[in-house]
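Dear colleague,

I am handing over the structure below, and after it you will find an account of what was found in it. Please keep it open while you read.

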Amino acid sequence: MTSIASAIELPPAKGDSDEGGRRFEEVPPPADALVTVRGLTRDFPVQRGLFGRRSGQVRAVDGVTFWVGRGQTLGLVGESGSGKTTTGRALLRLIEPTAGEIRFDGQDVSAMDREALRRFRRKAQIVFQDPYGSLDPRMTVADTISEVLHVHRLTRGPATRERVLDLLRLVGLSAEHAARYPHEFSGGQRQRIGIARALAVEPQFIVCDEPVSALDVSVQAQVLNLLRDLQRQLGLSYLFIAHDLSVIRHVSDWIAVMYLGRIVELAAAAELAREPRHPYTRALLSAVPEPRLEEGSAPARIVLRGDIPDPASPPAGCPFHPRCQHPLRDADCARIRPPLAEKAKDHFAACIKTPSWPASGAPAA
Amino acid sequence: MPLLEVANLRTYFHTDGGTARAVDGVSFTLNEGEAVGIVGESGCGKSVTSLSILRLIAAPPGEIVEGSSVRLKGRELLALPEKQMREVRGNDIAMIFQEPMTSLNPVHKVGEQIAEAIRVHRKADRREAWSRAVEMLRLVGIPAPDQRAHDYPHQLSGGQRQRVMIAIALSCDPDLLIADEPTTALDVTIQAQILDLLSELRQRLGMALLLITHDLGVVAGVCDRVIVMYAGRIVEEGPVESVFADPRHPYTQGLLRAIPRLDAPAERLATIPGQVPSPAAWPPGCRFHPRCPFAWADCAAAEPALQDVSGGHRSRCWLERHPERRQAAASRSPGS
């Protein structure tokens, strides 16, 4: 919890900086939250030179706090180096977090031993971007899925084949696909196999890590519809990670926007798309190329200058300040680490130049 | 005279699995200074079309079939000796690709690589070429270009590397720039920068642009006209305003509806059933008919020609001759 405390200990506010508003870290997660993550942090060593000398570290995820409600989807969106993929993997402990607390259905995932983790992975699964890279080319589809069933001791003998066929039907494939190898499938079909494999253990929660980024738009729509149908049918909860804001807007109930390892904005999906509060989210939304030409329907495009900074040496204060086009941006932005604070009801943004909610000065209820 | 005239272009690949007719009778024109986008999904033939224009198809297995024609300012490129074709590439037509890192030489400074491109096509000594290289870096918006010219490709970000590729492509002042998925590997905020740069340079230098992309949104932002390809054929073309406001071909309509929209969320996305057919066995008649919600017997029997819709907007669909069928299908399945 140290990383959360450090975010709260700020230099005193002055001038037009607004650091009021409820902090997201102070908001109690709803009672029905399936997954809660507090202060999740992950450092990677940076190796340089011929002998891989450790010369520093990158904080890929920097004190991230969020939750995922039962049957809901939290969309995690960001560009290269935002830490979104690392967040998803650290949450499942596919890579070990450096700090932070992860709770799943009331259990402390951070403290789980090997055996507890194995049981946890029956409830929490992941679907990857590149299903081809995550499928063994020498195994048939039936073998791939049976292996999962065996590892978790879920079925034996003829029941296994029945279950495999059920799973294939569930994702829109048929019995005739069972004996085929991954190379015989199209990209969209392979993604369906990846989803069937994740569903084999009857999970409650799936981390979807860029599941449609490699697919053509018509196939992408098929897979997005499938994920939505499965969510309704099986009551699944998703952490949906993507760089495409239109896709994230479509699938999510809530959206968290990440930049250089931190969540810079978090709100209900419709609210965030309608009225983004963080200057970065505003730029990101306006940069999405949409196939429409109606005048006045789209916000004026904000073209950010400069590149995304190297995560190994992030800017001080607000990580976005060197590219920020907020009219009130000033020296404070380079000094103060902005907390993720309430800017409208249940709408949080990490920007000290965006007025808080309720309006600054009024005591928070 | 149009700048570029492509007529009945057919590019086939002869493989063990049969002949893949990747591009199969494509015709279009591009006027001076015009920006045209070719859109379509994987395997539609959009990239092979652009590579065929520059004769960058490896033969075998590839073959630009007899009877195809690519004319630049009236000159038939497909009949040119290779030596003259090399002069066309870079001088008259330049090309940039999706992944700039693979097109740049990792062991040479970026300034040298631009200078080399200049010296290949222009009489210039080393000093002149270097100072022109620095000018080009400035033109494409690289800050502190005299210092960056000494950088190696790995020292630059993805967006800066694409700027360097654009600098190399434009160094000989081409009439036409072909950009094949130039922003697909880039983050969305960097993509916005590169698209702005391309539009600005096109206007400033008066060059034509042929943009190949899977992203209909990118075309809407950059191009004057759009060509939609499916299964090696053009299925719809026209001014972007007209095609995006009133898409006529069922494939174009399906593609546009399948894209999630930021402003109009839907519970489910519209999909196009089935998959793109194999280029070794395109369906008979209209190649889209097995996936088309409107298809009837005529569609499997014969492929329609591109039918005029309005001012340069054309659609390769029998519905243009039988509009009553569109309404009938719409009333059968409301909302689809």
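pLDDT is the predictor's confidence in each residue, on a scale from 0 to 100. Chain B averages a pLDDT of 92, and 97% of its residues score at least 70, while the complex as a whole is given an ipTM of 0.88 and a pTM of 0.89 by the predictor.

This is a predicted model, in which local features need pLDDT of at least 70 and side-chain atom pairs count only at pLDDT 80 or more, whereas totals for chains, interfaces and linings use all residues. Residues are numbered from 1 along each chain as its sequence is written, and chains are lettered from A and ligands numbered from 1 in the order in which they are written.

Where the chains meet, 34 residues of chain A and 39 residues of chain B take part in the contact (two residues are in contact if their C-beta atoms, placed from the backbone, lie within 7 Å). On the side of chain A that touches chain B, helix 7 of chain A gives the largest share, 7 residues (helices are DSSP runs of H or I with at least four residues, strands are runs of E with at least two, and both are numbered from the N terminus).

Chain A also holds an open sheet of 8 strands with mixed pairing, in the order 6-7-8-3-9-10-12-11, where two strands pair if DSSP finds at least two bridges between them. Its edge strands, each pairing on one side only, are strand 6 (124–127) and strand 11 (341–344) of chain A. Strand 6 of chain A runs parallel to strand 7 (residues 205–209) of chain A, and 4 bridges join them.

Best wishes
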